[in-house]
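Subject: Structure handover

Hello,

Here is the structure you will be working with. My notes on what turned up follow below it.

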Amino acid sequence: MTDKKQGAPSSSSTPTRRQVLKQAVGLGAGLAATSLLGGEASAAPRIRSGTFTTSDGVALNYLEAGRGRPLLLLHGWSQSAALYRAQILAFSRHHHVFALDWRGHGESEKPERGYRVARFSRDLYEFIHGMRFKHLSVLGHSMGCGALYSYWDNYGGCDLDRLILVDVGPAMTAWPDWSAEEAVEAGALFTPQSLHETAAALRGPDGIATTYGLVATMFTPGYPADQLALVVEQNLKLPREYAAKLLVDQAEQDWRDVIPRIDVPTLVVGGEASIFNPISQQWVADQIPGAELILFGADEGGSHFMWLENPEKFNEDVLDFLG
């Protein structure tokens, strides 16, 4: 019996674009496999760090690698740019990649003010224009999508060429008069009472334990415990008092009137095992003309953090969309 490798090109054939992408993203995922935040390998693109200061004097940290057309990665609530290591390594072989730490997060300054999505979208506007980006593609995960929706609402999406919207409900808190169908389409996770109870627990004496419990629900059960601990460690770089304020502000937003106004090529990514019902991701994709939708199966690491659970597939899908 002859052992054949599916999809492998013969020595006389020219690799397809998708095969080249698979090689690049496989390298990026492999380099990040041993540690989310490990040191550089000699063959990997060099990841640099920089600082941008906002109009209200807050120093924001960002990571940068590669050359070419700009691609900006925006993390979600209480996360950090460092968690995008596998994406930076893969994407920077084709793009000039930037990953921004929101105020209070990661290695950015932690002021006492500004923990609301509207301020984050202002920070984003200032960063985009301060860095003189043109023809910018932006990937937002969770609250990163919310900041993009606020940016679109306030600034009309100026200088944005493509969007990758990763797994967030357009309205995270259900009103008491909503039907069950409306709550599912909105991706609602909270009632007004449960939202404020969760925020109170975050800033209370058991804030660390509450954080660990919240983060654990965002991964599939098989995600390694040591990797989960690294994610929680990054989450805790945002002080819990600020995390509570930001969670309430984020979860009380309703972007369902903004999303249909998006008019650039868009990829929506969700997961069948995510905290957000995949129906909500289908709703988002249906509202944006021509948007593409990719849903990760539960057996593909299709949690809220599918980009950490299955970076090779995620990176390949994003690079394929970006072209």
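The buried residues of α6 pack against α7 (207-216) and α9 (240-251). Helix α6 itself covers residues 192-202, and its buried residues are Leu195, Thr198, Ala199 and Leu202. Viewed down the axis of α6, they fall within an arc of 100°, so they line one face of the helix.

One caution before the rest. This is a predicted model.

Overall picture

The protein has 12 helices and 8 strands. Of its 323 residues, 54% are buried. The exposed surface comes to about 13900 Å², with 51% of it supplied by carbon and sulfur atoms. Take the contacts with a separation of 6 or more: residues 24 or more positions apart account for 74% of them. How many disulfides does a search of the whole structure find? It finds 0. As for individual cysteines, Cys145 is buried, with a relative accessible area of 0%. Cys158 is partly exposed, at 27% relative accessibility.

Nonpolar cores

In soluble globular proteins, nonpolar side chains tend to be buried together. Here the largest nonpolar core has 54 residues. Which residues have the most contacts inside it? They are Leu72, Tyr149, Leu160 and Leu163. A second, separate core has 38 residues, including Val97, Val215, Val269 and Leu319. Back to Tyr149. Neighbours within four places in sequence aside, Tyr149 is in contact with Leu165, Val168, Trp255, Val258, Ile259, Ile262 and Val284.

Aromatic pairs

The count comes to 16 aromatic pairs. A pair is described by the distance of the ring centres and the angle of the planes. Two examples follow.

- Phe127 and Phe133 are edge-to-face, at 5.8 Å centre to centre with 65° between the planes. Phe127 is buried at 0% relative accessible area. Phe133 is buried too, at 6% relative accessibility.
- Phe219 and Phe305 have ring centres 4.6 Å apart and planes at 5°, so this pair is stacked. Phe219 sits in the loop between α7 and α8 (225-235), and Phe305 in the loop between β8 (292-296) and α11 (306-309), so the pair ties together parts that are 86 residues apart in sequence. Both Phe219 and Phe305 are buried.

There is also an aromatic cluster. Phe52, Tyr62, Phe98, Phe127 and Phe133 form it.

Loop residues

His75 is placed in the loop between β3 (70-74) and α2 (85-91). Is His75 buried or exposed? It counts as buried because its relative accessibility is 0%, and the cut-off is under 20%. Leaving out neighbours within four places in sequence, the contacts of His75 include Tyr84, Asp101, Trp102, His105 and His141. Ser80, Ala81, Leu100, Met143 and Gly144 are also among the contacts of His75.

Glu252 lies in the loop between α9 and β7 (266-271). At 48% relative accessibility, Glu252 counts as partly exposed. Neighbours within four places aside, Glu252 is in contact with Thr173, Leu195 and His196. Of these, Leu195 is one of the buried residues of α6. Glu252 and Ala174 are 78 residues apart in sequence, and their C-alpha atoms are 8.9 Å apart in space.

Backbone angles

Most residues other than glycine have a negative phi.

- Ser142 is not a glycine, yet its phi is positive, at about 55°. Ser142 lies in the loop between β5 (136-141) and α4 (143-155). At 6% relative accessibility, Ser142 counts as buried.
- Asp167 also has a positive phi, near 55°. Asp167 lies in the loop between β6 (160-166) and α5 (180-186). Its relative accessibility is 0%, so Asp167 counts as buried.

That is the handover.

Best wishes

Terms used: Residues numbered from 1 in each chain as written. Predicted model: local features only at pLDDT ≥ 70, side-chain atom pairs only at ≥ 80, totals over all residues. Heavy atoms only, no water. Disulfide = S-S within 2.5 Å. Buried < 20%, exposed > 50% of the residue type's maximum accessible area, 1.4 Å probe, protein only. Helix = DSSP H or I, 4+ residues; strand = E, 2+ residues; numbered from the N terminus. Arc of directions from axis to C-beta. Contact = heavy atoms within 4.5 Å. Areas by Shrake-Rupley, 256 points an atom, 1.4 Å probe, with all protein chains shown as cover. Core = buried A, V, L, I, M, F, W, Y, C linked by side-chain atoms within 4.5 Å. Phe/Tyr/Trp six-rings, centres within 6.5 Å; stacked < 30°, edge-to-face > 60°.
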